[in-house]
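Here are a few friendly notes to read alongside the model. Please keep the sequence and the 3D view open as you go.

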Amino acid sequence: MNLNRLRTLRELSIRSTMAAVADALYLTPSAVSQQITQLEEDFGIALVERVGRRVQLTSAGHALVVHAEQILQALDQACSDIEERKNVVSGEVRIAAFPSVASALLPHVIRDLRQAHPLLKVVFMERGADEGLEALHSWLVDIALTDSFVGMPAHEHQGLQKTLLLEDEVRAWLPRDHPLATKNVIRLAELKNESWALESTSNSFAQFVRERCLSVGFEPNLNGYCKSVVTVEAMVASSGSVSVIPGLFARKPHPDIVVRRLEPKLVRSIYLMYRKTQQQRPAVQAVVRALQYSAANYQNDSLEKSDDTCPPRQGSCRVS
């Protein structure tokens, strides 16, 4: 029995199309199809059937997915038990994290772990917060960093350890010569008549911002739908837009941008999640401790250091 083929069938039960499974597993659609065909040959029974452009599992396919879940969980637990007995931090740990928290924490964590545990290999995969959670459920990663913008049904928490890593306060970005730049705190409603640039690759964050704006009486007027914070930064620095940015991104903006606190506060919680079957695995726990240590240091290094509270055009205050 091939575990990769079982994992592929499980993904197909969730995603319904060969193309979606291929994207999730970094395979080609033809490779996914071949794995399913080989699995059917292994068991001598049809496991899937086509319904239009989608693929659905047969009763045998559904039954096998249930067993696949149990097998993968048992294998996870077995690896943890054996590694715990070795009494050494080694092996590979894969982390999924979204860009803001990844850029703030992971480079230091990976560097420090390499020095402390030479036999440990940490692999980072950049994924959106929701995609990281999916990857954790699919055994593609061992740890996922996600946030409070990602909705997850209560039953999906089963089997996962969820720990608060840090709180991240969203901040406003304004052009340095903007009339509101003289204020230390900006009411969200004061941005009602502005043109906005938003990092739109995270639908959950964009929706969060829109809902908060609607709660104070307006819908943001977007003149920039950006795929990266670098583009948002360029839009704001040119004085053509304003934006709100996760605090993890807001610490060191362009010299022509000022960072301001918002009222009411917009805060997201960032969580560290891993499967409970890996609670005893030394390598996973070493990475968890390193992430918690790094997050605590980052939280203690208050964002006050990055708030540019000087009036515009004085030139003596720079974002550090």
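1. Strands here are DSSP runs of E with at least two residues, helices are runs of H or I with at least four, and both are numbered from the N terminus. Buried means under 20% relative accessible area, exposed over 50%, and partly exposed in between (1.4 Å probe, protein chains only). This is a predicted model: local features need pLDDT of at least 70, side-chain atom pairs count only at pLDDT 80 or more, and totals for chains, interfaces and linings use all residues. Residues are numbered from 1 along each chain as its sequence is written, and side-chain values use heavy atoms, leaving out hydrogens and water.

2. Strand S2 (residues 54-57) covers Val-55 and Leu-57 on one face, while Arg-54 and Gln-56 lie on the uncovered one. S2 runs antiparallel to strand S1 (residues 48-51), with four bridges between them; two strands pair if DSSP finds at least two bridges. Val-51 sits opposite Arg-54. Two residues separate the strands of this hairpin, and Gly-52 in the turn has a positive phi of about 65 degrees.

3. His-178 lies in the loop between strand S7 (171-175) and strand S8 (185-187). Its relative accessibility is 10%, so His-178 counts as buried. The His-178 side chain reaches the backbone nitrogen of Leu-180 at 3.0 Å.

Definitions and conventions
A polar contact is a pair of N or O atoms within 3.5 Å; within protein, one must be able to donate a hydrogen and the other to accept it, and residues adjacent in sequence count only if both atoms are side-chain atoms.
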